[in-house]
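Hi there,

Here is the structure I promised to pass on to you. Have a look at it first, and my notes follow below.

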Amino acid sequence: MNNVQDKSSALTDNTLHWGQTFLVSIQHIFVSNVWLDPIFVASSAGLSLTLSTNLVNAIFIASGLVTLIQATKLVRLPIVQGPSAAFDALMINAGKTGMFPAAGGSILLSALLVFGLSVTGLLTKLVKKLTFAITGTVIFLVGVSLAGFTLSEFLGGSPSVSGFASPKTLFLATVTTSIVLILSLFGKGIWHKFSFLIALVVGDTLAGFTGMIKLSDLGSKPLFGLPHLLPYGDFSFDWSIFLTFFVAYSVAVIEALGVYEASASVLNIKLDQKRIRNGIAGEAAGSILSSLIGGFPTTAFAQNLGVMKLTGVHSRKPILLTGILLIILGFIPKLGAFLSLTPSPIIGGMFLPAAATLVTTGISILKKSRNNDTNNLIIGLSIILAIAIPAYASGFPGSLKTLLSNNILIGAITAVFLHICLISIPNIFRGGFRHDRNIN
């Protein structure tokens, strides 16, 4: 089976020459938030320029290495790796409270535990219990979770930001989204393949004419830099911080599994247990490296699947080059900073179609689950709680507030908990131990 799959992938690779491969890779980098997350976390946590630069370097290098290794040796799917958004709030809170050493220790220990579960095969045994109802719900919620971020970027930030929802901002965002949609749905050839990149170039050009891009901001960034080992000091350990990070890491693993499932569905191939075991082990190894050089966990990015679906380019070759380019960006902070100059409405305009396809991909996976009252309850209740609870998160104290503000985390935990209570435990009492994926 693997040989057949790899041959199919190779035929897709041959349809792209290196020039097109490079452009598709750039497209993937801009649509992913590999560069947005570390900049956002560094700014929100109030890090110094030195630590901010180190965080960006660490994320780029770890993401690039894992992307490269995953695509060639491990999961062998066209998936871009990057910082998991599940950790943004946790990292920001740790930075503001001076707890980065404890956060780094928690990430390292969580990644080591997941790596051990992966290489011993225990994780794949647990994965067999994850039904389409669970993975589909998670991917659906990833798309929903991007809605708030995407709309914020589309409108130019928050209402307190100058230019929020101004005619100029809405013009740039609308033009960018319109180009992506028109070229993705009706374009042919290179117009279809590079719809996101064309939208980016047009958007940035218009932004340049309107004065929304300021190259002077690059002056403070160094041309070349290396990440430092343990930049925040020696690791420390705090049980409460570890538990919150481990829960978030567990959800990131479920999210990654959902991305694997969605990617395999797009490619119309079977996702075997070996790919899953290798993929999660690779992500854990990347997270271990990231923690040691000042970053945070990496995971498979779902939004790049949206690019694949809309452009029709399913090749692994651009993903390999994406990994190489991310590593290069990690050693040249000024280039990474240059990426961040793209104005928010253009980012939002590009993300909007990609987020929409994630929602439909999640629905497609959910359709694979058996249509019965139990599954419908698991899916419906998980989505309702995931959307509703974060609105009340501000009323809870400390770490609980951080956890309850993450709708992906809430949805994943709810889906798994309901699955155990409504399916696994009843099956045990029936003497079932049947394969949930086949009957549910």
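Phe242 is buried, at a relative accessible area of 7%, while Trp239 is exposed, at 59%. Here buried means under 20% relative accessible area, exposed over 50% and partly exposed in between, with a 1.4 Å probe and protein chains only. Both residues sit in helix α12, 3 residues apart, which is about one turn of the helix. Helices (H or I, at least four residues) and strands (E, at least two) are DSSP runs, numbered from the N terminus.

A word on the source: this is a predicted model, in which local features need pLDDT of at least 70 and side-chain atom pairs count only at pLDDT 80 or more, while totals for chains, interfaces and linings use all residues. Residues are numbered from 1 along each chain as its sequence is written, and side-chain values use heavy atoms, with hydrogens and water left out.

Now the rings. Searching the whole structure gives 7 aromatic pairs. Rings of Phe, Tyr and Trp (its six-membered ring) pair if their centres lie within 6.5 Å; planes under 30 degrees apart count as stacked, over 60 as edge-to-face and the rest as tilted. One of the pairs is Phe87 with Tyr249, edge-to-face at 6.1 Å centre to centre and 65 degrees between the planes. This pair links distant parts of the chain, 162 residues apart: Phe87 is in the loop between β1 (81–83) and α5 (88–96), and Tyr249 is in helix α12 (residues 239–267). Phe87 is buried at 0% relative accessible area, and Tyr249 is buried too, at 4%. Trp239 and Phe242 also pair edge-to-face, because their ring centres are 5.9 Å apart and their planes are at 80 degrees. Ring pairs join Phe237, Trp239, Phe242 and Phe246 into a cluster.

Phe87 comes up again in the largest nonpolar core, which has 103 residues; Phe87, Met91, Tyr260 and Ile280 have the most contacts inside it. Such a core is a set of buried Ala, Val, Leu, Ile, Met, Phe, Trp, Tyr and Cys residues joined through side-chain atoms within 4.5 Å. Helix α12 gives the most to this core, with 15 residues. Apart from it lies another core of 7 residues, including Phe140 and Leu366.

Enjoy exploring!
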